[in-house]
Amino acid sequence: VEQGRIIYANIRKFVYFLLSCNLAEIAVIFLATLAGAPSPLTPIQLLWLNLLTDGAPALALGVEKGDPDIMDQPPRSVKEPIIDRNMRLGLVLQTIAKTAATLGAFAIGRHLNPDSWHLAQTMAFVTLATSELLRGYTARSELNSVFKIGVFANKFMQYAVSASLILLLLVIYVPFLQNVFDTVPLSAEHWLYMLPFFATPAIVDELTK
């Protein structure tokens with residue numbers, strides 16, 4: 001029974017995390033198009049987000065050990081869908097948080113250098129990627145705080161996030177990859193501007209719990 005609950009909970013976490021990531025990416029493109037502005041994310045950046053930034057943490061969620069109080073939780077209804085009311089609410093809040101963070105970073109990039117779309121796009125790309133990676137930690141439980149279940153308790157999440165961050169830095173700072181992914185190197189000032197946006201979705205998720 002316990003293993004069955006853990007497997008079902010991990011399926012929910014996997015679905016919840018990937019849907020929230022993809023809905024945010026859709027919302028970012030949709031709102032920019034609606035406003036008549038160039039896309040904050042290029043097609044190859046979207047591909048990168050879907051394959052690496054979203055995929056690696058989602059796989060790590062599939063091997064979570066489960067909440068410490070999972071056997072104290074009441075049985076779920078057999079008629080309850082995987083995407084229930086609580087998840088739908090969470091998806092809405094996560095989409096708003098990630099979209100606002102990404103567009104906020106994009107707007108700051110445009111303000112810092114109105115002549116460079118690549119700077120604004122790079123800041124939007126890095127903000128969305130990093131916020132999704134940090135959100136992977138809080139996605140490890142729908143009910144308990146990440147501090148209760150242990151921030152570093154899932155070693156596979158450490159591998160996934162670390163590898164994704166290293167690859168993200170390579171995309172930003174390696175000249176050959178800059179040309180491929182339409183990115184520009186970011187300064188310490190740029191990172192400071194983006195820093196508050198990184199944790200926004202994770203904080204919203206913790207407050208939602």
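Visitor: At the start of α7, which backbone nitrogen does a side-chain oxygen of N154 reach to within 3.0 Å?

Guide: This is a predicted model, where local features need pLDDT of at least 70, side-chain atom pairs count only at pLDDT 80 or more, and totals for chains, interfaces and linings use all residues. Residues are numbered from 1 along each chain as its sequence is written, and side-chain values use heavy atoms, with hydrogens and water left out. Helices (H or I, at least four residues) are DSSP runs, numbered from the N terminus. At the start of α7, the side-chain oxygen of N154 comes within 3.0 Å of the backbone nitrogen of F156.

Visitor: How far apart are the end C-alpha atoms of helix α7?

Guide: The expected span is 1.5 Å times one less than the number of residues. Helix α7 (residues 155–173) has 19 residues and should therefore span 27 Å; this agrees with the distance between its end C-alpha atoms, 27 Å.

Visitor: Is T122 buried or exposed?

Guide: Buried means under 20% relative accessible area, exposed over 50%, and partly exposed in between (1.4 Å probe, protein chains only). T122 is placed in helix α5. Because its relative accessibility is 0%, T122 counts as buried.

Visitor: Which residues is T130 in contact with, leaving aside neighbours within four places in sequence?

Guide: T130 also lies in helix α5 (residues 117–138), and at 9% relative accessibility it counts as buried. Contact means heavy atoms within 4.5 Å. With those neighbours left aside, the contacts of T130 are L168 and F198.

Technical notes. Helix = DSSP H or I, 4+ residues; strand = E, 2+ residues; numbered from the N terminus. Polar contact = N/O pair within 3.5 Å; in protein donor to acceptor, adjacent residues only side chain to side chain.
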